[in-house]
Every structure is written in C-alpha cells, then in structure tokens.
Amino acid sequence: MFRRCVGFRREIKRVIQLRTLSSDVSYDKRWPGWQVVVGLEVHAQLKSRAKLFSNSWTSTYDEVPNSHVAPFDAAFPGTLPKLNANCVDLALRAAFALDSNPQRRSSFDRKHYFYSDLPSGYQITQYYAPISKGGSIYLPKSQRTVRINQIQLEQDTAKTTFIPRAQSSTVDLNRAGSALIEIVSEPDMRSPEEAGEYIRALQLLLRSVAASDCNMEEGSFRCDANVSVCPKEAGDDVSNFGTRCEIKNLNSVKFMMIAITAEVMRHINIISNGGKVSQETRGFDEHTADTYLLRSKEDAPDYRYMPDPNLPPLILHDSYIMSVREGMPELPDATRSRLLSRGLSERDVEFLISVDGGREVGFDGKLGRGGAIAFFDLVSEGRDAKSAFNWITHDLYGLLVVRSMTFKENPISVNQMRDLLDLLERDQVTAPSAKILLKHIVDSRSLEKPKVLAQKLGLMALKENAGQLEEMCRAAIDALPEEAAVVRAGNERVLNKLVGHVMRSSRGRANATAVHKKLREMLQQ
Amino acid sequence: LSGRSVAVKDTICTKDMKTTCSSAMLKEFQSPFDATVVSILRQQDAMLIGKTNCDEFGMGSHNLHSVHGPVVNPHVPPLTSVASGKRSAGGSSGGSAAAVAAGLCYAALSTDTGGSTRLPAAYCGVAGFKPSYGLISRWGVVSFADSLDCVGILARHSSEVKNVFGKHATAHPLQPDVLNLYDPKDPTSAPTEVRNAAKQDSMSFRDAVRNRQRLDGVRIGIPEEYFPKELEPSSLTTFKGLVQRLRTSGAQVSRVSLPNTRYALSAYYVIASAEASSNLARYTGVHYGTRVPASHSVDKKKTSNVYSHTRSRGFGHEVQKRILLGTYALSADAFDNYFLQAQQIRKLVRDDFERVLRHPSALSSPSKDATLRRSGVDFILYPTAIGSAPSLDEAKNMSELEVYLQDVLTVPTSLAGLPTLSVPIGLGDDGWPLGASLTGQWGHDESVLELGDIVERVSRESAL
C-alpha cells in the first residue's frame, strides 16, 4: 500500500512536471494534474397549458395536490394517450434555440419500471428516435462550446413525498404526465463552474423562446450530472475518460457545483489510493455537502423499452418545422445584434437582457408580460434609442428597484412612457420635472397621460419667451449679489450657483440651458 | 337501435356498472367514465342490460379463466346427437356470445385481440364480427394488447351486427354510422379520409350484391394453409358444403396461399404477451382496484416488494403466465430474438394478405389510383375454429399448447388488422355449431357484412 502510494505520488509529480513543461497554463489548482469531465442531463418542464398526452392542465408547484389529474394521468383502465401539438412546437423551439436538428421522424417508447410516482408502470419517452439531435451552446465566460447530444420529449412523473412520521409516502399526481424535454449534453464541460454557466445559459435560451420557466426552485428545471476524472493528458479522447458516476436530483446551480466538486474529490481520492471508481448512481446530501450511493451498476434496472403501440411515429413536414422557426420569439443572439444596431453599447445590451430575464414565460409559447426588451422596443420606436434606454433602465428601473419591484410589476404603460419622452424632446418638461412625473406615476399608478399630469402638478416647463424667466433671473441676481458681482468680473463658473437658484425657485421647470444663457446675457450687460 | 337490448363485455368501461375484467384485481372497480362505444349506444337509446363474463383481461380461448366462474355454452344440441354435457362458450368473449345465443339480448359488445369474438361466435352459433383495426373507438376499452385490440360485435345474424356497426338497413344514407365512427380521444382511430377512401373502393361490390343477392363476379379465396391436421373432419365437411353452395350462387372460388401463416401464432403470442405485460403494469392497487397490503416484515423501500402482494393475489394464473412471458420477451436479452422477430413476421403476414387481395389497402397506398390486381380475390373464406366447442372438462384438461392452437385460424387477420366476420354455417356431426370466417381488405367492413348476410342465407337454405 505504501509502495503504491509512493509510486502514485511519483506519478503525480511527473505529471505536474510535465504540465509545467508544457505551455498549458489553465490548470485547476484544486486538482492539479487531473481533468474533470462533466456531462449534464437536464429535464425542463415545457410551458404548455395542457399536459403531454392528456387534457388536464400543467400545474404550478404550489397547487392543491391531485387537483389537475385526468383519468389518463392516473393510468385508469381504458384510457389512451393523445399527443398535445403545443408540446411539439415548444420542443422544436427549444431545438432551434440550441442549434439542434429537428428530426423529420421521431417516435415514442415505453420505459418500464415500478415506482409509486409512475401510475402506469411505464413512462412514455423517446428512446429509439428523439425529436432532435445535435446542437451546441457557447459559454462566453468559460470560452467553451458544449455540444448537445439530443433532445427528447417525455412524460414527467408524479411527486412523492416521504413522511417520516407516518413511515409512508404521499403521491401527488398533478405533475404526472406533464410534458418534459430532456436535454442531454456531451461530456464537454471541464469544471463545476462551466457546468454552472451551461445551466444558466440553457435557462436563458429556453426562457427566451418561451419553451419553459426553467425555474429550479419550483421544479420546472431539474438536472443530473455525470462526473468522471482522468489524467490531464487524456485530452478530449473519450476512450481515455475515467468511469463516470451520475449524481441525480440537484436542486440548484450552487448545489450542483458543490456536488460536482465533492464527486471529483471522491474519485481522485479513490484513484490516489489505488482503487477503481465503480459506475454508480448517486444522490447529493445538501447537509453534508457530499454524494451518497443510490444504486450500483449491478442494480441498474432493465427498462424493457418497447415502442408505444398507441402512438404513431411523429412525422414533421419541412413546412411545419419552418413555421415554428418563423413564429418563435427572438433568440438572445438575434436580440443582441438588433439592439446593438440601434446604437446601444454592449454593456447596455447585456443589462437590458438581464433585466428582461425576469419576464414571465407565457403558456403555449405566447410571450409573457413584463419584458423589458419588448417595452424598450415599443417605447423607442421611431425615436432616439439611447435616450429611451437611459430613461427606462436608469430612471424607471431605478425607481422599481428601490421599491423592490421587478420589471414585471412596472405600472407605466408604453404610451405613457412615449408621451413622457415626447414632452422631454419638445422641451415641454425639463429632465428634473420628468423624473418627478415618473415617480408620481409609479407611486400613484395613475393611468393619465403625462401631459395632463404635468399640467395638473404644475410641472410644465417655463416658456423661454415668457417674462417669467427674466423675472426669476432678476430675482436670483438680486438674491445673490456677491456671486453676481463675481460673474460680472469674469468668473463664469459661479454662474451655476445663480442657475441653481433659478432652478430651485422654478421647481425645476426652467430650462437650465436657457437660464444659464439668460443670466449670462443679463450679467454681461 | 332505440329500445334494443345490448350486453357489454366486462372489459369495456361503463359508468353505472362495475367493470371487473373478470379479475380479482378489479372486482369492485367502477370506472368514472363510459367507453365511447357505450356512450354511442346510450345516445342511440339502446338498453344496456348488463356486463358479460369473459376470460380475465381478455386472455383465454375458453372463458374458463374468470373470477366469476366459467361460461357455459347455451346451445342445446338436437336430441339425436351424442350427449356431451356442458361445453365451453369459447373465449375470451364467451359471456357476450352466450348472452346473444341464449336470446338474452339483441346484440352484445365484445373485444377481439386474437379471435376473442369470432371463436365464441362459432362455438355458440351466432355471428361475431371483428372490424378493421382502427374503425371502432377503443377509448374506455381496457387494453390487453393495443396494437391488436378491437371492439367486437355479436348478434344472431350478420344483418343485426351490421345495424350495430354501421347504418341500419332502412336508415337514411346521411345518417351517421352507429359504432363505426372516428373518435379523437383514440389515437389509433382511423381518420375520416382513410375510412372514406376504403369505403369508396368497396362500394361497387356492395351495390352489385345488395340488389341481386347472388355472388356473380365475387372472387373468394380459400387459403390452403388454414386446414391444419388438427381440423375436425366434421368441420371440414360442413365447410366444403358451404363452398359448393357459394359456387352455385355464382362466386368464383379459388385457392390462395398465405405462406407465412405457420409463423403467425407464435408471433401473435409474443407480441400480445409483451404488450399485455406493459398494459397490466398499472394494476398495483395504489390508485384504484384491489389492494393487498404487504406485511410488516417486507422491505417496503423496494416498490416491487409492495406491489407483488397485490399483483400475485389479484391476477389469475393465465394472466400471470402471460405477463411473465411478455416481460421476458421485452427484456434486453430476449428483445431482438423474440419481440423484434415477431414484429417482422407480423409484417410478412400482412404482406401475404395484401398480395392476395384484389384491392390495395387504403392505409398504404393513395386511393386515387386503386388499380385492381388481376389475380386477386375480394374475400378470403376459411373455417373459424378447428372444431366445435370442446366440453368444459376437455377444455380444462387441454395442454397449454392445445389451448393456444384454438386461435391458429383467427390470429392472422388480427395481426393484419383486417375485418373478419364469423358466420354460423350449421351444426357439425355432434350437433354443435360451426362457423366460417370471411375476411376482407382493410376498411371494407360493410362489404364483409353484406357477404356474411348472403353466406348465412345460403347456409340456412341448404339446411332446409
């Protein structure tokens, strides 16, 4: 044992030496000499109104148990599946979002096993011919392209909850039969952080095409991680990869990254001690931050996959696939180029996209409400994009954030915003006045047009040719004789104090530039 | 069908009566919905007089495997024939056939997966029809083997079967068919265009025959592979007699060959058992049906440990056997050798029929250019069973292989999904009923029923 350890240490040393000799600088300090290989299987619940094969409605996680159950979902005798076309559309959208290739022909199979969350004793999935193959996601931070193996449609299971007190489980069939897509990646990720970035990118993509809510906390997005390690020199040659273990049911990105790290260390530990990693399915204990054995390879069930005789093969014509492509919402990359072309900076665009990320996902592919980008598009139509952007993201969004409101809860309508910007453009209100108006509408939820409100609140800008302006300037000069004298003497910077005085006395309604000009005129006489 | 009494097989769901499938598993089960065929009958004001006994979950050929006990064939042989005690009514729809034969109802609904309607029809001396697969809705019909299951119709005569299936003889042409309707709830229900295409093809025959009641120009093929050595001599004689009379009525009777018939029975049992093992996985006592609790000593963490208690007590011996065989056929080791092979044989059996029939199937070719095959036949005719009904004792003592052999003549058209009608053609030497089966192309159900009418009449006339 000692000799083996020594031999292994020599091996590690040699590996480290090799690495320092090579020009590869990007090694991970946590496990020097080792390459981590991660593949992810994600189950995303499709945002369809009805379930995959029955008419009952997809439910949210907090609904009354067993309130959305059709006889088919409970596997009652004599029931038959009927494919929901909306689910096919959403799955195709997901395929396009991931640059995957929709298959003209796919089919449905039964995966058999006995468990209390599976009323019919089989899950309808797509084992032999999935709806889409291939694809990839580019991760900008990790600078890695992760390839997609396939996307398949399948039924979700019911939700079982173990009650320790009663030593029994309860079964909630609300979720049984809901539509899922399973997205299987290739083992292209090389660190827990890359896995994290992959998940976040996947969530953004699927939400942007309204395929799924992708909410891990609510259970509409679940992932399993396949982890293995091998010496760094193995590179990308699959035949050199180590034995992988699958970690199931990871509930958050944070826990997923911790679980992957723990599993990597476990593998390294085993191998360093001369052992061999056995292929296992493992769970993750959030309390101990460690993985535990669920099932060994020998206990792996034979699912007896059988083509479902009730469901004919799904044949998709090119015209149908094209119509889904054309009818779907913009993909993030298209949004980026479009917004950039309107004159926004890259930082502006990323910010807008991140604010937009909180928008609702509508059912059956309809765009949800509360999208910042849609709001921006409509407000900025036919006008200066940058100014619209600033007012929306800085002033409006700023007000919302301070009030702990999300953009979804924005009370200002597109028309009100456009009116406000019109007033500003025509100098009918000043910027300070506009900010006051904005705040007023957010707080009072007024539906009135900004112009009407401005008049009511006395916020209309002072007209330059009215005598008011000259009066206020005269009043300021009188109020600040010392500063006036300094300006007359040639120091223009002090002029701003006088401008400030006029702005205050006009309650921001005077045009600052005009005031500045007027004062200078009057003091230079 | 207003006021007509109809009995319903206990594997078809009825909201107001229990649906037990003759199984301890569903002994007290009441479905929350009606099967589509039941709804249609209710809409037509038919009187649903009750549920009929059958083999458990449709699995059996003699109606012996039932939690309610065996069905007894109600036929009373003429006094001159040998006394043989109680005989089997056939299975799995023995109850439905017996109810019709005993005059308890006008018609009965049944199911037919491998002969479950036709065999009891032949044994009880009534007409039993297995329509083309996909014509009658299976919504609410408890699945045995989805790719084979059909709703069947039993009545004393083909004309009465026709009234339950399609339009009444005196009905207005624009009145909708009765049970022969598209059902959106059934994913295997044939779409309207395909039904109409097939109907178009067979229209000329129906018009010709309806008016003249003769069979001139009608081509009937008799498959040479359908006369196994097990076929009882009396059945053969009666059948030959029928063929002679059909020739006299003008039919062109010829010999045809369906060479893959010899593999059909094995393929059928592999496919049917495999699908049954899948469809019966849901019976666990968790959501409905009988539940047998596991004892305290059982390791409840493994689900199958808990389920096995209910399933071992709830299922009868025959059902358990088929589930085990079917599970094996789907297992990773056996899948290629059994299940896949069986599917390939199924295709060969279908191709045999397609080659021999004159009209191409509306399912596989565009109906516009339905070019008739010069040497094809319109219908295929053969004995329904290898003999008359066995006695209950004989049936109970048969070896398993012998039992499965009862299906050898009915199974091929189940695999091919073709419409087949068993008509009563008289009594055998032992005084018990015999039947002959008529098979047509997919979707030509009305033609098959018309021909059945004529064959029945021809048989009756000769008996006089």
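Student: In which sense do E1(B) and strand E2 of chain B pair, and over how many bridges?

Tutor: Strands of a sheet pair through backbone hydrogen bonds, either parallel or antiparallel. In this predicted model, E1(B) and strand E2 (residues 47-52) of chain B are joined in the parallel sense by five bridges. Within this pairing, Val6(B) is found opposite Leu48(B) of E2(B).

Student: Is strand E1 of chain B buried or exposed?

Tutor: Strand E1 (residues 5-9) of chain B has five of its five residues buried, so it is largely enclosed by the rest of the structure. Ser5(B), Ala7(B) and Lys9(B) point one way from E1(B), while Val6(B) and Val8(B) point the other way, and all are buried.

Student: What is the order of the strands in the open sheet of chain A, and which strands stand at its edges?

Tutor: The open sheet has three strands in the order E5-E4-E16 (chain A), with antiparallel pairing. At the edges stand strand E5 (122-125) and strand E16 (306-307) of chain A; each has a single partner strand, so one side of each is left without a neighbour in the sheet. Strand E4 (residues 109-112) of chain A runs antiparallel to E5(A) and is joined to it by four bridges.

Student: Which residues touch the most other members of the largest nonpolar core?

Tutor: In soluble globular proteins, nonpolar side chains tend to be buried together. Here the largest nonpolar core holds 118 residues, and Phe57(B) and Leu179(B) touch the most other members. The element that gives the most to this core is helix H7 (residues 261-279) of chain B, with 10 residues. Another core, of 67 residues, lies apart from it and includes Trp31(A), Phe53(A), Cys87(A) and Leu90(A).

Student: What does Leu179(B) touch?

Tutor: Leaving aside residues up to four places away in sequence, the contacts of Leu179(B) include Val37(B), Ile40(B), Leu41(B), Leu109(B), Leu135(B) and Phe165(B).

Student: Which residues of helix H15 of chain A are buried, and what covers them?

Tutor: An α-helix has 3.6 residues a turn, so residues three or four places apart point the same way. In helix H15 (residues 495-505) of chain A, the buried residues are Leu495(A), Leu498(A), Val499(A), Gly500(A), Val502(A) and Met503(A). Their cover includes helix H13 (467-479), helix H14 (481-489) and helix H16 (512-524) of chain A. After H15(A) comes Arg507(A), with a positive phi near 55°.

Student: How many cavities of 30 Å³ or more are there, and what lines the largest cavity?

Tutor: The count is nine cavities of 30 Å³ or more. The largest cavity contains about 140 Å³ of space. It is lined by 16 residues, with Phe72(A), Asp73(A), Ser120(A), Tyr122(A) and Gln155(A) the closest to its centre. This lining divides into eight nonpolar, four polar and four charged residues.

Student: What is the volume of the second largest cavity, and how does its lining divide?

Tutor: The second largest cavity has about 80 Å³ of volume. Its lining comprises four nonpolar, eight polar and two charged residues.

Methods:
Residues numbered from 1 in each chain as written. Chains lettered and ligands numbered in written order. Predicted model: local features only at pLDDT ≥ 70, side-chain atom pairs only at ≥ 80, totals over all residues. Heavy atoms only, no water. Core = buried A, V, L, I, M, F, W, Y, C linked by side-chain atoms within 4.5 Å. Buried < 20%, exposed > 50% of the residue type's maximum accessible area, 1.4 Å probe, protein only. Helix = DSSP H or I, 4+ residues; strand = E, 2+ residues; numbered from the N terminus. Contact = heavy atoms within 4.5 Å. Pairing = 2+ DSSP bridges. 1 Å grid on protein atoms, 1.4 Å probe; cavity = no way out; pocket = protein on both sides within 12 Å on 5 of 7 lines; lining within 4 Å. Points joined across faces, edges and corners; volume = space filled by probe spheres on them. Nonpolar A, V, L, I, M, F, W, Y, C, P; charged D, E, K, R; others polar.
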